[in-house]
Amino acid sequence: MSDATEPGSYFVSNYPPFSRWRADAVPDVLAAFAAPPITADLGLYLHVPFCRKRCKFCYFRVYTDVAASDVERYSVALAAEASLAAATPAVAGRPLRYVYFGGGTPSFLSVKQLERLVAGLHASFGWDDAEEVTFECEPGTLSEPKVRALKSLGMTRISLGVENFDDAILEANGRAHLSAEIHRAWDWIVAAGFPSTNVDLIAGMVGETFESWQRTVERTLALAADSVTIYQLELPYNTVFVRDAKDGGGAVPVADWPTKRAWVDWAFDRFGAAGYSVSSAYTLVRDPARVQFRYRDMLWEGSDLVALGVASFGHLSGLHYQNETQWDDYLQAVESGRLPIHRGLRPTRRELLIRELVLGLKRGRIDAGRLQRKFGIDPRTEWAAVWGELEAGGYLEPGRTDPLLTRRGLLEIDRLLPSFFEDSAGPPPGAGKTAANS
Ligand SMILES: C[S@@+](CC[C@H](N)C(=O)[O-])C[C@H]1O[C@@H](n2cnc3c(N)ncnc32)[C@H](O)[C@@H]1O
Ligand code: SF4
């Protein structure tokens, strides 16, 4: 891989890769919904695909310029899909351990739309006992009454897409908000008293310099969020940046990978000096004893995840699946009373082990004993050659019983993980943090 940030996906969000998921696995997925559950933990992901503007770096399934009637129709469909899923033998009666409202921009919805959506979902799924209910927000979509409504609707973790504090950088990257809206929204979030708050940053947006990045980190520190997520900018093919560059015949002016890594490295040190600890390749937490990531940890350890919404990714009884990826197909399926499954994959036991191994490594360490008990294979001996290469490259702490990544290994994690993939799996996974986010 060259050091330049070239077009293409880099982030590993699942295994086996999406390129292997097929429509002919849909009957298997439906059969899994129709059978009793075999996995203990259950979560719910809802995709809200609306945004005020499409950020030039974003590759998620999002719609802008939508009519109020489209939002209404979609919200009704989400509630209808929830009731279809909740009535299946695999899901009926099971408590939700975590809920995640992702997007797109869930906070795009008005207070009235949110109240109706949550009431519709509650008709099928109770989540009063869920350990975590996360809600993603874009700063400019929030108002004080909306933030208070989110609290009373039961959201426990608010995740704010800040990305950067420099107005020129926010504008150049097509963000719909400026820094003043971040501060305004943050004050409302703090005042509402959510159990947990998170801020998303991106290292290496177009126009970023080390000085502007340092200012963004300092201003983020001043917010004192419970956790901070830092992604390194990648340029999947379906982004505005890549399409514009192709039309104009040029390259996107994004810092190269070593520079972005150095910026994240600096940020990890700076947050560390302020009392935060590194909790994964992307996440810093202020108080590890208090801040949990139920969504991330349970999903990465193989929990079931019922996925609602267009193009959503789910996981049930050991199968991967994705919902219909087109607006009309999704709505037509749900409105005619069908689960809107588009494609799926039944991984082998070995592939499920690799999935948990690589996702676990994003936290910097694996619990080899847990994986051995669950899959009957000791990953330390099974991938001894890979561990040896990682150690020789300075990516793994030497002499540990359970593999532990060095800072260097953490910063390059998505480039290193394909070493564990099987040849038959093809190239590293394609685009999309959706449903396996952060
Ligand atoms: C669904 S968005 C968060 C909520 C809301 N839509 C927003 O942007 O404020 C999820 C996060 O993915 C990250 N992201 C999106 N595109 C990215 C890219 N090309 N490279 C790195 N991170 C990206 C951003 O940090 C963004 O906050
Ligand atoms: S980064 Fe967030 S706000 Fe921007 S287009 Fe993607 S989902 Fe929408």
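I started with a definition: I call two residues in contact if their C-beta atoms, placed from the backbone, lie within 7 Å. I also noted that this is a predicted model.

**Entry: Leu405**

I put that definition to work on Leu405. I skipped its neighbours within four places in sequence, and found Leu405 in contact with Leu361, Gly364, Arg365, Tyr395, Leu396 and Leu410. I then checked where Leu405 sits, and it is in the loop between α15 (384-392) and α16 (407-411).

**Entry: ligand 1**

How many residues surround ligand 1? I got 19, and the closest are Phe57, Glu138, Gly161, Asp200 and Tyr231. Sorted by type, the shell around ligand 1 has eight nonpolar, six charged and five polar residues.

**Entry: ligand 2**

Then I moved on to ligand 2. I listed the residues that surround it, and among them are Cys51, Cys55 and Cys58, along with Arg54, Phe60 and Val62. Gly103, Gly104 and Thr105 are also in the list. By type, the shell around ligand 2 has five nonpolar, four polar and two charged residues.

Gly103 and Gly104, though, are joined by a cis peptide bond, with omega about 20°. I noted another cis peptide bond between Tyr15 and Pro16, where omega is about -10°. Pro16 lies in the segment before α1 (26-34).

**Entry: positive phi**

Most residues other than glycine have a negative phi. I wrote down Asp65, which isn't a glycine and still has a positive phi, near 50°. I found Asp65 in the loop between β1 (42-48) and α2. Asp65 counts as exposed because it has 10 other C-beta atoms within 10 Å, and the cut-off for exposed is 12 or fewer. Ala224 has a positive phi too, about 55°. I located Ala224 in the loop between α7 (210-223) and β6 (227-232). With 15 other C-beta atoms within 10 Å, Ala224 is partly exposed.

**Entry: α2 and α3**

I finished with a pair of helices. The axes of α2 (residues 68-86) and α3 (residues 111-122) come within 8 Å and cross at roughly 15°. That angle makes α2 roughly parallel to α3, because angles under 35 degrees count that way. I noted the crossing as right-handed. Where they meet, α2 brings Val71, Ser75, Leu78, Ala79 and Ala82, while α3 brings Gln113, Arg116, Leu117, Gly120 and Leu121. I sorted the residues of this contact by type and got six nonpolar, three polar and one charged.

Key: Residues are numbered from 1 along each chain as its sequence is written. Chains are lettered from A and ligands numbered from 1 in the order in which they are written. This is a predicted model: local features need pLDDT of at least 70, side-chain atom pairs count only at pLDDT 80 or more; totals for chains, interfaces and linings use all residues. A residue is near a molecule or strand if its C-beta atom, placed from the backbone, lies within 6 Å of it. Ala, Val, Leu, Ile, Met, Phe, Trp, Tyr, Cys and Pro count as nonpolar, Asp, Glu, Lys and Arg as charged, and the others, Gly among them, as polar. Axes are lines fitted to C-alpha atoms, for helices over the stretch in contact, and angles run from 0 to 180 degrees between N-to-C directions. Helices (H or I, at least four residues) and strands (E, at least two) are DSSP runs, numbered from the N terminus. Angles under 35 degrees count as roughly parallel, over 145 as roughly antiparallel, 65 to 115 as roughly perpendicular and the rest as oblique. A crossing is left-handed if the near helix is turned anticlockwise from the far one by less than a right angle, and right-handed if clockwise. A residue is buried if 20 or more other C-beta atoms lie within 10 Å of its own, exposed if 12 or fewer, and partly exposed in between; C-beta atoms are placed from the backbone.
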